[in-house]
Amino acid sequence: MGRTLTTFTQLVWQEIESLRRYRRALRQEDQQALDTLFAAARRHSSAGAYLARETPFEIMLLSMLIEQQKQLVALTRKVADLETRVPADPPARVAS
Amino acid sequence: MRPACLPTRLRGWLLDAYADRAGMAVWLLDEDNRRVRLLDPFRPTFYLAGPRHALDAVLRALPRRGCPLTTRWVERHELGSPDPVPVLEVAVHQPSRFPTLVRRLLQQCDQVQFYHVDVPLPQRYFYERGLFPLARCEVEVTVDGTIRAIHAVDSPWDTGYATPPLTILELSLEGRVSNPNHGGVCNLIVRVEGEERCLEGDDGAELVARLNQLLHRHDPDVILTDWGDSYILPRLLTLASRVRLPLALNRDADRPVGMQAPRSYFSYGRILANAGARTLYGRLHVDRQNSFVMAETGFPGLIEQARVTKVPLQHMARTTTGTGITAMQLETAHHDGILIPYRKREPEEFKSALELLHTDQGGLVYAPVLGYHENVGELDFASMYPSIMTRFNISPETVNCSCCAHDPAARVPEIGHHTCRHRTGLVPRTLIPLLSKRAQYKRLLAATADPMTRQVLDQRQTALKWLLVVSFGYLGYKNARFGRIEAHESVTAYSREILLQAKETAEHRGFRLLHAIVDSLWVHKPGATRGDYEALARAIAARTTLPIMVEGIYRWIGFLPSRVDPRMPVPNQFVGMFETGESKIRGLEIRRADAPLIVKKAQAEVLRSLSQAQTVVELRAHVTHALEIIRAYRHYLQSGRASLEDLIIAKSISREPQAYRHQTMTAIAARELLRHGVRLQPGETIHYVMTDAAAPLAEDRVRAVATLDGAWSYDARAYETLLLKSARVILAPLGLNPTDLDDLTNPGSSRA
Ligand SMILES: [Zn+2]
């Protein structure tokens, strides 16, 4: 029996709520990073609802990883692109 | 000295008090500068509770002959219980017999609860009469020196008190740096009233006679020594008995010198040694080398602690700060008519707020953001734990009281406990005057310019700070006499909540949290002025209702990496330069007792050079100069000219020398001393030099300083390694890697 989209989003919110004290004790910059991760988990709510697994937190982690993987690929491409565009940098100094 | 005819009224300072046959012997330094021995017919009491037949058995066991006693039934309270209990009060007419009597009863009667049996009698006497060590008092006496009335005319809570004009005689050993018990022979130096003499030990009888002469002529109130407890006094007494001459160390000629065996104990997670004690009657012996409070706060700090805790000066000098705070708690209990239960042994010294960080998870910590930062403000909560205990009324008997369970304002954050909103607890009542006296000293300090007065005020406030620091461990913890784990948990829960509130307030105002430990925060905001940091402190104080102050604004501060993993930050390890030009350093060799002097000197020079930098960019520019300094020190080490003082490594031994399982340098040096017949106890400090750190034979690696003779040489390479380590921790965050550091400071290398 599949879960509906709303229930999975609710599960994410419940997870966030259960981490409330953890989040409170984080530095502000780390709180922002945590919020970004859970935003990624919410983005894949429909896939999560479709799978309907007993332990939804694993699916949330996977969803976070998917977003990170995509960002990694994008950044790698950007770096490669910049390296081809910037002409011959003076050779890196050998450590003196 | 018992003057035949005394005036009926005396004024003076209370020098000493101890149990005697017919009461308490009380020594007064009177207004005519005389030292008089008086007697107060004081009868100490103790209390017993238990089943009727057991109490009857005690009554039968009480020896009446030779030691008169008075018994009666009275009602007293147990801490935290509203109903009084009937207890049997026993008054002992001869205080000097009190300890033996109690010890015997404790052994014989195991069905009875004992109360008030192990509070030292001088303290009981002080509680009863409202006195304290070195109090200024007024005494009414009879012609034979018996006290009819005595009362203090000043208060232990006065901040402007005068100390009596004490005559001090100092005894030390010529040119000693390390423990004389570990070897070597030396002459006795006597300093008194501005004169210094050297007494040579060739003729024992003459030495004793000359010392007696000085004691009679100057009649000192205090004998201040270095190594007096473990070395000088024991040897002088042995010498005196060998040459059959009495040594007039005691002012009370009827008494022998008091003796206590050495012991080892735990404090702040480390094992420490107490070298035993040689205490005097009518005169005070204080050994600077066997006194935590003397080392931390000097004689003014010792007097301050003795006055507020009412622990006699000689005892306060040698005991732990925890005993002092416990004594204050006992006094509060005694005045409230609360029974003080007997404890078989005092608990170990508890941890400071900072120490809890590693062991207890009690306080909250934010690991520092590694590296050097500019314009950083440090904000400190003033005496956070004691302030929490008083602000939120945390005490063993107020936590989870029966009257406030449903009051939401009484709730402790995070955990299910609550504290009483109706009655102020024993612990807060003990701490409130202490907190306010320290605050008064700090205000006086801020308004005083004279350096001598400032030093005394600072030593006094530091002495109170130590009592406050240990108060949490002693008053909140389950092992303490009135301790309770729920009180301990409540304090740490509040401390976490308060640090979180402080963090939120700072972040809300746009500050970044760089580092925080329990009661201190380091925060940064680009362009923030002193006014902004002060405003932040006020906002935090308003939200948390606890006092917090700006400790200072750092021009720059470096949070330094772990020596094991350079990517790991370490709490409370930093070097910072305040905008005032003062520096603050934590966790570096320069602050460590065990680092050799040469390493400390080099590190101090590097830091002095870096301190000229105004910005982090300028810091990087100073690295070259820092490298030159290290290079010069390595050159000096390699040249073989380093002196013994430069090279000594001082380590405290954590166990008996035979009990070490690994061949650590400390173990090797300890065993060398053992072979020379030196008896060592855990916690004692030993001194050694590294002679050949990589030698295959363990005995060749290090030598104990006390056994060094003419022929020895040091391992320059091993000291260079220590030097490089001490430089690396500072310079690595400025972009210098270990290989470069080694190469660029190598005196033999062409690269520098
Ligand atoms: Zn209550």
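How many salt bridges are counted between chain B and chain A? The count is four. The views below are taken from a predicted model.

**View 1. The two domains of chain B.** Chain B is divided into domain 1 and domain 2. Domain 1 is made of residues 365–425 together with residues 478–587, and domain 2 covers residues 643–713. The centres of domain 1 and domain 2 of chain B, taken over C-alpha atoms, are 41 Å apart.

**View 2. The contact of chain B with chain A.** Chain B brings 18 residues to this contact, and chain A brings nine residues. The size of an interface is often given as the accessible area lost when the parts come together. Between chain B and chain A, about 1,000 Å² is buried, and carbon and sulfur atoms account for 30% of this area.

**View 3. A salt bridge across the interface.** Glu504(B) is joined to Arg24(A) by a salt bridge. In this pair, the closest N and O atoms lie 2.7 Å from each other. The interface of chain B and chain A also has 10 residue pairs in polar contact, with both residues at pLDDT 80 or more.

**View 4. The side of chain B that touches chain A.** Helix H13 (485–508) and strand S21 (512–517) of chain B each give at least two residues to this side. H13(B) supplies the largest share, six residues. Sorted by class, the side of chain B that touches chain A holds nine charged, seven nonpolar and two polar residues.

Definitions and conventions
Residues numbered from 1 in each chain as written. Chains lettered and ligands numbered in written order. Predicted model: local features only at pLDDT ≥ 70, side-chain atom pairs only at ≥ 80, totals over all residues. Heavy atoms only, no water. Domains from an automatic or database assignment. Contact = heavy atoms within 4.5 Å. Buried area = accessible area lost by both parts, 1.4 Å probe. Salt bridge = Lys/Arg side-chain N within 4 Å of Asp/Glu carboxyl O. Polar contact = N/O pair within 3.5 Å; in protein donor to acceptor, adjacent residues only side chain to side chain. Helix = DSSP H or I, 4+ residues; strand = E, 2+ residues; numbered from the N terminus. Nonpolar A, V, L, I, M, F, W, Y, C, P; charged D, E, K, R; others polar.
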